[in-house]
Amino acid sequence: MTSVCLITGASSGIGRELALHYAANGWTVYAVARSADKLHELAQNPAIRALPLDLTDNTALQSTARQLADDGVVLDLLLLNAGTCEYVDASNLDLTAFERTFAINFHAVVAATKYFMPLLKASLTPQLAIVSSMAYFFPFTRSEAYGASKAAVSYFVDSLRVDLAGSGIHISLIEPGFVDTPLTQKNDFAMPFLVPVTQAASRIYTALAKGKSRIRFPRRLSLLLKLLSLLPYDLRNSVAKRMKQ
């Protein structure tokens, strides 16, 4: 039987590459994103089915999940990847930027987990994978909204794994560093160890196939940030301030 996955944020970046990667490896892919035009272009691939959906609309999310269930869809993998990034000015915090960032990066992840996870129950090998980021490992400048939202996601996944132990659902947390996507291409600063998006998708696919519970790459950035986190608190903050300049 063909394996089935649902991928959010599938219209561009990591999500798009993952959809193509899974389709190329024989999976049926339900591709979710707000951009209907980009999704329908992606769905020219016969293995990919477009699901235009605003993940911040809980009513639409619930309706879509119910329709999939009524159609008899069983997911083997639910991969929640959709996300955004907005930088903020600490001297005049933009509350709406925080609301927008948390709406898609965190609240939508929780809602998608709630409504789509039941579609995993009939699978013999159910897997839930959620994309966070290494951003929260270190206090980067202007990242108050983005980093905080990703910290929330990672904690949510780790806590969820504890509470769903014994459910049969394998949960994977994906925490990439900088990946070359339309989102990161807007950045106006150096991004160390930048990973091509095709390589990122391949790494995620391989790691999920191996059943990895936590996926972090590139390793060099992960090790660097871990080392920085071991510094005394005040020294770590001093390093962060120097990096801002």
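I count two strands as paired if DSSP finds at least two bridges between them, and I take helices (H or I, at least four residues) and strands (E, at least two) as DSSP runs numbered from the N terminus. The model is predicted, so I note that local features need pLDDT of at least 70 and side-chain atom pairs count only at pLDDT 80 or more, while totals for chains, interfaces and linings use all residues. Residues are numbered from 1 along each chain as its sequence is written, and side-chain values use heavy atoms, with hydrogens and water left out.

**The sheet**

I started with β4 (residues 77–80) and found that this strand pairs with β5 in the parallel sense over 4 bridges, with Gln127 of β5 as the bridge partner of Leu77. From β4 the chain reaches β5 through helix α4 (residues 95–116), in a β-α-β crossover that is right-handed, meaning that with the strands pointing away from the viewer the path from the first strand over the helix to the second runs clockwise.

I then looked at β6 (residues 170–176), which runs parallel to β5 and is joined to β5 by 5 bridges; here Ile130 stands opposite Leu173. Helix α5 (residues 144–163) lies in the right-handed β-α-β unit made with β5 and β6.

Tracing the whole sheet, I read 7 strands in an open arrangement, in the order β3-β2-β1-β4-β5-β6-β9, with parallel pairing. β3 (48–52) and β9 (214–217) are at the edges with a single partner strand each, so one side of each has no neighbour in the sheet.

Finally I looked at how α4 meets α5, and found an angle of about 15 degrees with the axes 8 Å apart; axes are lines fitted to C-alpha atoms, for helices over the stretch in contact, and angles run from 0 to 180 degrees between N-to-C directions. The contact (heavy atoms within 4.5 Å) includes Phe98, Phe102 and Phe106 of α4 and Tyr146, Val153 and Phe156 of α5.
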